[in-house]
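Colleague: Could you walk me through this structure, taking it slowly and one region at a time?

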Amino acid sequence: MNYKDKKFLESIINRNSKKNIRKNIYPLIEKAFSKTDICKGIEVLLSEQLTMSEITKEFEYEFARYIGANYALMVNSGSSANLLASFALVNPRKKNFLKRDSEFLIPVLCWSTSLWPLVQAGLKPKFVDVNVDDFNMDMDQFKKKLTSKTKAIMAVHVLGNSTRIEEVAKIAKSKNIFLIEDTCESLGAKYNNKYLGTFGDFGTYSFYYSHQMTSGEGGMIVCNSRKDYELIYSMRSHGWSRRLKIKDTSFSFINSGFNLRPLEISASIGLSQFKRLNSMINSRIKNREKIIKKLTNSVLWKNQFSFLKITQNVKPSYFGLPILINKKFLKKKKKFLKFLEKKGIETRRVIGGNFIKQPSVQLYNLNSKKEKFPEAQEIDDRGFFIGLHAEPITNRTLNYLEENLLRIDKL
Ligand SMILES: Cc1ncc(COP(=O)(O)O)c(C=O)c1O
């Protein structure tokens, strides 16, 4: 793009951003795209190379290098990354692939597409409760539920924090159990200085709008084995052999597959954002500290809330600030969230809540034993989260959050 075009585009972007009067004073995410990100997307449009190409490859290469995995493959969403990982486990090209009805363990505080791809692949879930303190899988219950029938584990890292992944990975390795890490909510977080998503067979990431970084829609899947990479590479594109460094060069369909390819525009925006990932992570960590300090040091503070405790040995990476309402104010939760909405402070549920309660789980009768998960339920009852922005938070915003969040006892 030449200088004149760039100036012209920037003037349009500026005009549009002035027109976009935000209805939220404290939205989940603020200024998701920089001018450079938008120009990078437009450059691809102008090039007319919209389908996946060289920029996607470059992004994959840079992502794998950053995360410390041998291979990274971009897809059109985090859900698609989970779909590929799940269907890889049951694919006849995978060594020791799983038979129908094999059992997998999954924390009950999960996202819809952490669970369903594995079920769609023919596997049977066994749910594990989580800890109220850190929102992640309860290790005692995990070990109790792990039997000779367990053939796979879907570890879900919640809201920037981590499962006790080193221990989970050690157990999985010693028992030849497949391990997928759904890292869609924790891109850039580390356990013992190693990036989440790199402990198991596959790690998956989401670049959805409100996450640590975004490409609009998009996702990434990483792995270390060449064979796994070739498998997911082929399954991403119809199951064909095209561009795989294998003997067959004739566009054969060597496997079953999907079309989960990203657009080159998403890769271009994603790669542009990716260059700022570390600074956005650090900025969010600082903003979180400032908000918690502001609330807990306030004259209005009456222990209204508690906050997610970070798992030991974890360097977190947030996109939101999860909050648990103190039990004595619990009856006011509904009214409180409505009040925040009216004040322009956007909130969300903690992942899919206690997923066992979702109508889809009942539709497929996945909890025939009517098992209860009290800790996930408590998080669902007491929890919600607000955004954490990548730009440094201002004193004005801090005051606004203090004034409104701490009003719960007065409602
Ligand atoms: C834990 C988890 N897994 C998977 C996904 C799906 O990612 P995407 O929205 O990119 O499909 C999400 C989405 O927010 C998520 O929170």
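Modeller: Let me begin with a word we will need: a residue counts as buried when its relative accessible area is under 20%, and as exposed when that value is over 50%. Please also keep in mind that this is a predicted model.

Colleague: Okay, so which residues of α4 are buried?

Modeller: The buried residues of α4 are G78, S80, A81, N82, L83, L84, A85, S86, A88 and L89. That makes 10 of the 12 residues in the helix, so α4 is mostly covered, given that buried means under 20%.

Colleague: And what span should helix α4 have at 1.5 Å a residue?

Modeller: Helix α4 covers residues 78–89, and its 12 residues should span 16 Å at 1.5 Å a residue; the C-alpha atoms at its ends are 17 Å apart, which agrees with that expectation.

Colleague: What caps the N-terminal end of α4?

Modeller: That is S77, which has a side-chain oxygen 3.3 Å from the backbone nitrogen of S79.

Colleague: Let's switch to the ligand. Which residues around it come nearest?

Modeller: Of the 15 residues around the ligand, the nearest are G78, S79, D182, E185 and S206. In the case of S79, a polar side-chain atom lies 2.5 Å from an oxygen atom of the ligand. For D182, an N or O atom in the side chain is 2.8 Å from a nitrogen atom of the ligand. The side chain of H211 also has an N or O atom 3.2 Å from an oxygen atom of the ligand.

Colleague: How much of the ligand does the protein bury?

Modeller: The ligand taken alone exposes 390 Å², and the protein buries 92% of that area. The elements that give two or more residues to the shell around the ligand are α4 and α5, the latter being residues 112–120. Of these, α4 gives the most to the shell, with 3 residues.

Colleague: How do the residues of that shell divide into nonpolar, polar and charged?

Modeller: The shell around the ligand holds 4 nonpolar residues, 9 polar ones and 2 charged ones.

Colleague: Last topic: what is the phi of N96 like?

Modeller: The phi of N96 is near 60°, a positive value in a residue other than glycine. Most residues other than glycine have a negative phi. N96 is found in the loop between α4 and β2, and it counts as exposed because its relative accessibility is 61%. D101 is placed in the loop between α4 and β2, and it has a positive phi of about 70° although it is not a glycine.

Note on methods: Residues are numbered from 1 along each chain as its sequence is written. This is a predicted model: local features need pLDDT of at least 70, side-chain atom pairs count only at pLDDT 80 or more; totals for chains, interfaces and linings use all residues. Side-chain values use heavy atoms; hydrogens and water are left out. Helices (H or I, at least four residues) and strands (E, at least two) are DSSP runs, numbered from the N terminus. The expected span of a helix is 1.5 Å times one less than its number of residues. Buried means under 20% relative accessible area, exposed over 50%, partly exposed in between (1.4 Å probe, protein chains only). A polar contact is a pair of N or O atoms within 3.5 Å; within protein, one must be able to donate a hydrogen and the other to accept it, and residues adjacent in sequence count only if both atoms are side-chain atoms. A residue is near a molecule or strand if one of its heavy atoms lies within 4 Å of it. Accessible areas come from the Shrake-Rupley method with a 1.4 Å probe; for residues, only the protein chains shown count as cover. Ala, Val, Leu, Ile, Met, Phe, Trp, Tyr, Cys and Pro count as nonpolar, Asp, Glu, Lys and Arg as charged, and the others, Gly among them, as polar.
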